[in-house]
Amino acid sequence: MKSGPAWFFVALTGFMTLAVLKWVDLAPRVERDFFFSPNDPQLQASEELSRRFPSPDQIIIRAGAPDIQSASYRSSIRDLTTALGNIEGVTGVNSITTDDASRSPLWGRLLLNPNGESTNIIVQIDDTEPSTLVRNIEAVVEPLNNSDFDLKVSGVPFIIELIRRSLLRDLALFSAAALLLFGLLVAGIYRNKHIVLGTLTTCLLACVTTLAVTDILEIRIGLLTANIAVIVFVVTLSHIVFLTSNWKRANIDPGNQRNDAARNAVKVTFPSSFWCMVTTALGFLSLLVASARPLRELGTAGAIGTVTAILLAYTIYPAFLRSASATTPLTVGGTRRTPRLRLPQRRPRVWLGGIAFAVFAAVLGFRQLTSDPSLLSYFAPGTELRDGLDAIDRDGGSSPLNIVVRDSDGASLDSDEANDKMWQLQDALENDSSVGVVLSPVVLLAHAKLAPFAGFLNWGALLDILESPLLGRIGLSFVTGDRSEGRYFLRMKESGRVEPRAEVIARIRDHVRESGLQPTLVGGQYDLQEKLGRLIASSLRIGLGGLVLAFVGIAFIVSRSVRGTIAMVLCLTAIPLVVLGLMGHLNMPIDIIVSPAANVALAMGVDSMIHLVLRVRRLSANSSSVWDTWLEARSQLWQPILGAALIICAGFGIFGLSSFPPTQRFGFAVIVGTLTAALMALVALPFGAGAKLAGR
């Protein structure tokens, strides 16, 4: 048997890999509003707010020292302020050496921290590319950072850049780890160079083909699609595991010619693989109901990868099986020794009752489940970004929230009456435990009053001056030109938050009304996080519910039995219940990265059940006992079922190497779902569909 086709596919894979590395943009993309696409309705309020009250982006540098009153500290602040001001893209720098924070209500709030151990440097930036800007700021800050001058950097551009770096690291690390780990696993399991080469070739080609197609469709590497290569690798391997298992069975059957083994394996395995592909694709497509862009991108990329996986598994991998068949000796007499695994065969009620109790215990964790986690939970404790966020959050809040107000009586905001109401709101917000720094029109006007002769001017005249080009039109960042609306800028505290963001925002709206003002618009990162939490909860309900309903039809088509359909659906439903419930028990938040894990685990977990049910149908023609048929099917497939589970767990276990906690939690959730699915396939499904429950 010539191995020419196999080597052609190896060469093709090498060419495609080089082409993707050269022409496909694999750099992760994380934009300012990385949770949503520009046309998402959830962004409209924030975009409208930015249009009405234009203000530059900021990076905050917290500078701590043993004695912030010392001359050496002020000298260090002065030098750092000057160096930062010379960076291209920096439009302004404010610190205690440029502004008198002790007298100014504005700079006192921005630059001085309540602990008396640090001050802030506010760096205003333009739209320069964040990667370049952050690198330049780091080049200035890092040489000065030491125990006597402790510098922590934060701000949206800085957060975005460090997330992008984490994703880039994960992409490279996961790809290399997947090739090495799966190569060793396949070599250890099959000990056949043709199978090892075929597995790695097929899986790698599926990955690079998916990356090429998604690039053509302008789906870039982002928060979730940075993991798509490993996901496609695992999905492709799942097909290969069952295909190889059936090839081994066909290859040792004395009734088959040596060259028929690969063909027979394809014939036996493809119907099951087809329905597995359908369910996995549906699992990814269910993410398209979400409004958050990363979920939709993963849904599309995952569906493309799922179709690519089955196409390449059945067009390329059989060529390597044919090469392996040419060098694999047949078993004499058609006998084979299959390792034994003691799986339960008796007392179905006891086993089913125990599994049902375990699922129920997991479901109790739903009470601790949250889809509204702290922003800090996205970053690992002890990392540069988390330390900076923690410190700045403690000092004055880390998550921006904007609220636009108008006078309830319709009065202009430059009147004395409106001024009194706005000060009342300022005090109420600053006394709220969830709120840190608060900037508002009255704080800006109080700062302006410090200028010489400003005390002789009324509020309207002061606002005219603040809106002039000479002062950078700073007044328009807080009050509209017609004086009808004003903006309050809040830095919300995330550390130790136990209230849902929705309740916090509702309370802030109440503060506005109680002050005699009316809230007209709310936006900012804090508000977007609250909206994201609601979208995640909604997509979980709709996506998982729709998946289960879709699987009802697929289960009936596959099993052609009412009892088998009910058993499959119940087993499938248990997978997301266990995954989400266990995450609740472990206090793992369901964030944007973790949320698709239940869908992915459910879609991939159904594979083993489909293979098992279809094998039962094939064997039932030669068996008079339903239970004996299930036992025989299970004895034939327990190895590939556990092998596939091992490979999936190993694949998603790679995510534990990530420096990004949500990615680690995503991998953990899929592993839990995979192990649950294997238990359901090997124990719960046979008892539920095949055993006589009245038996022992």
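Analyst: Happy to! Helices here are DSSP runs of H or I with at least four residues, strands are runs of E with at least two, and both are numbered from the N terminus. This is a predicted model, in which local features need pLDDT of at least 70 and side-chain atom pairs count only at pLDDT 80 or more, while totals for chains, interfaces and linings use all residues. Residues are numbered from 1 along each chain as its sequence is written, and side-chain values use heavy atoms, leaving out hydrogens and water.

Phe-556, Val-562, Ile-566 and Leu-570 make a nonpolar surface patch of about 420 Å². Areas come from the Shrake-Rupley method with a 1.4 Å probe, and for residues only the protein chains shown count as cover.

Helix 19 (residues 562–585) gives the largest share of the patch, three residues. Ile-566 lies in this helix and is partly exposed, at 49% relative accessible area; buried means under 20%, exposed over 50%, and partly exposed in between.

Now for the chain around the patch. The protein chain has 22 helices and eight strands, and 58% of its 696 residues are buried. Its accessible surface comes to about 28,900 Å², with 59% belonging to carbon and sulfur atoms.

Notes. Patches are made of residues with over 30% relative accessible area and no salt bridge: like charges are joined within 9 Å, nonpolar side chains (Val, Leu, Ile, Met, Phe, Trp, Tyr) within 5 Å. A salt bridge is a side-chain nitrogen of Lys or Arg within 4 Å of a carboxyl oxygen of Asp or Glu. Buried means under 20% relative accessible area, exposed over 50%, partly exposed in between (1.4 Å probe, protein chains only).
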